[in-house]
Amino acid sequence: MSLFDFRRTGVVGNKSNDRCLKDKKLLVMAVMLIAFGVMLITATLVSCMSPSAAAMARTVGLGIFSHQPIVMLDAGHGGIDGGAESADGVSEKDINLSISMMVKDILAEYDVKVAMTRTEDKGLYTGVSRDGSADAKIKGKRSVRSLKTEDLTARREMADKLMPDAFVSIHLNSYKENRSVFGAQTFYSNGETEEAGNLSRMLAETIQGNLLLKIDNGNQRVALEKSDVLLLKKTAYPAVIVECGFLSNGNEAAQLQTYDYQRKLAEGVAEGIVKFLKLEKKIEVVKDR
Ligand SMILES: [Zn+2]
């Protein structure tokens with residue numbers, strides 16, 4: 001017997017109408033309870049998914065986490081902070097910016113929002129006049145070290161505020177104790193949560209794998225966790241630092257200054273991000289004449 005049949009058979013006098021009203025309320029409550037149960041099971045299933053499935057849900061849109069993915073690119077150093085230097089005095093800050101801008105350009109073909117921590121030769125601190133120029137001046141009695149700390153804190157705060165789906169910082173390495181050491185290497189955050197840590201590792205491994213595919217030079221470096229730097233300490237989002245090569249190695253330092261080598265690195269990084277976030281190419285709208 002259906003619930004409607006039951007209602008029809010009970011329609012005699014006010015008492016029956018009251019009972020009918022109660023039955024209706026019970027029916028509505030039952031439907032609401034079932035709906036709540038279904039929502040609860042769905043939410044539990046989504047939260048129990050593997051990190052890769054959860055990442056997919058965030059970007060390909062299973063409905064719950066659907067949003068346009070955001071990538072934050074961070075060109076290391078800048079302004080008064082040149083970063084590592086090659087034997088002939090080339091500093092990493094300009095190469096970092098150049099590679100980061102190339103990554104940005106490649107990602108422009110995809111349905112993704114890209115944010116940059118810097119787009120010019122300037123640090124993220126206050127109190128430096130003519131920053132980025134040869135006659136930059138630090139106002140007041142402030143050390144370069146304190147400005148570097150202010151700069152890194154500002155980058156971290158920008159990322160924490162934006163909560164990107166991938167935070168990728170571009171740097172160059174240096175190891176003067178042994179100048180034969182070479183090769184790009186990606187480091188990842190330990191994550192504020194287990195999920196953020198796992199996603200950081202996956203992002204790093206995907207980028208590292210793509211870099212090795214692009215640059216076939218015998219580099220056998222693997223992605224490693226590194227949580228003793230501010231940018232990678234317990235992030236709530238997937239975060240990595242790509243050390244694109246060693247400026248202390250003469251051969252690699254020379255290559256790092258060429259457009260072709262920077263482009264290969266940028267392609268490796270960008271393709272790693274694209275694979276990790278499962279990004280789709282933008283659909284071009286062709287207008288009728
Ligand atoms: Zn650096």
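Colleague: At roughly what angle do the axes of helix 6 and helix 8 cross, and within what distance do they come?

Modeller: The axes of helix 6 (residues 194-214) and helix 8 cross at roughly 140° and come within 8 Å. Axes here are lines fitted to C-alpha atoms, for helices over the stretch in contact, with angles from 0 to 180 degrees between N-to-C directions. Please note that this is a predicted model: local features need pLDDT of at least 70 and side-chain atom pairs count only at pLDDT 80 or more, while totals for chains, interfaces and linings use all residues. Residues are numbered from 1 along each chain as its sequence is written.

Colleague: Which residues of helix 6 make the contact with helix 8?

Modeller: Met202, Leu203, Thr206, Ile207, Asn210, Leu211 and Lys214 of helix 6 do, and their partners on helix 8 include Leu265, Gly268, Val269 and Phe276. To be in contact, two residues need C-beta atoms, placed from the backbone, within 7 Å. Ala, Val, Leu, Ile, Met, Phe, Trp, Tyr, Cys and Pro count as nonpolar, Asp, Glu, Lys and Arg as charged, and the others, Gly among them, as polar.

Colleague: What makes helix 4 and helix 8 oblique?

Modeller: Helix 4 (residues 92-107) and helix 8 (residues 259-277) pack at an angle of about 50°, with their axes 8 Å apart. Helix 4 and helix 8 are therefore oblique to each other as well. Helix 4 passes helix 8 in a right-handed crossing. Among the residues in this contact are Ile95, Ile99 and Met102 of helix 4, and Leu265, Ala266 and Ile273 of helix 8. By class, the contact has 11 nonpolar, 2 polar and 2 charged residues.

Colleague: How do you know that the length of helix 4 agrees with what it should span?

Modeller: The expected span is 1.5 Å times one less than the number of residues. With 16 residues, helix 4 should span 22 Å, and its end C-alpha atoms are 22 Å apart, which agrees. Helix 5 (residues 144-162) has 19 residues and reaches 27 Å, close to the 27 Å expected. Just after helix 5, methionine 163 takes a positive phi of about 50°.

Colleague: Why is alanine 184 called buried?

Modeller: A residue is buried if 20 or more other C-beta atoms lie within 10 Å of its own, exposed if 12 or fewer, and partly exposed in between, with C-beta atoms placed from the backbone. Alanine 184 has 26 such atoms, so it is buried. You can find alanine 184 in the loop between strand 5 and strand 6 (185-188). Beyond its neighbours within four places in sequence, its contacts include Leu211, Asn219, Val242 and Leu265. The C-alpha atoms of alanine 184 and asparagine 219 are separated by 7.4 Å, though the two are 35 residues apart along the chain.

Colleague: What covers the buried residues of helix 5?

Modeller: The cover includes strand 1 (70-75), strand 3 (128-129), strand 4 (137-138) and strand 5 (166-173). Helices (H or I, at least four residues) and strands (E, at least two) are DSSP runs, numbered from the N terminus. The buried residues of helix 5 are Leu147, Asp151, Leu152, Arg155, Arg156 and Ala159.

Definitions and conventions. Angles under 35 degrees count as roughly parallel, over 145 as roughly antiparallel, 65 to 115 as roughly perpendicular and the rest as oblique. A crossing is left-handed if the near helix is turned anticlockwise from the far one by less than a right angle, and right-handed if clockwise.
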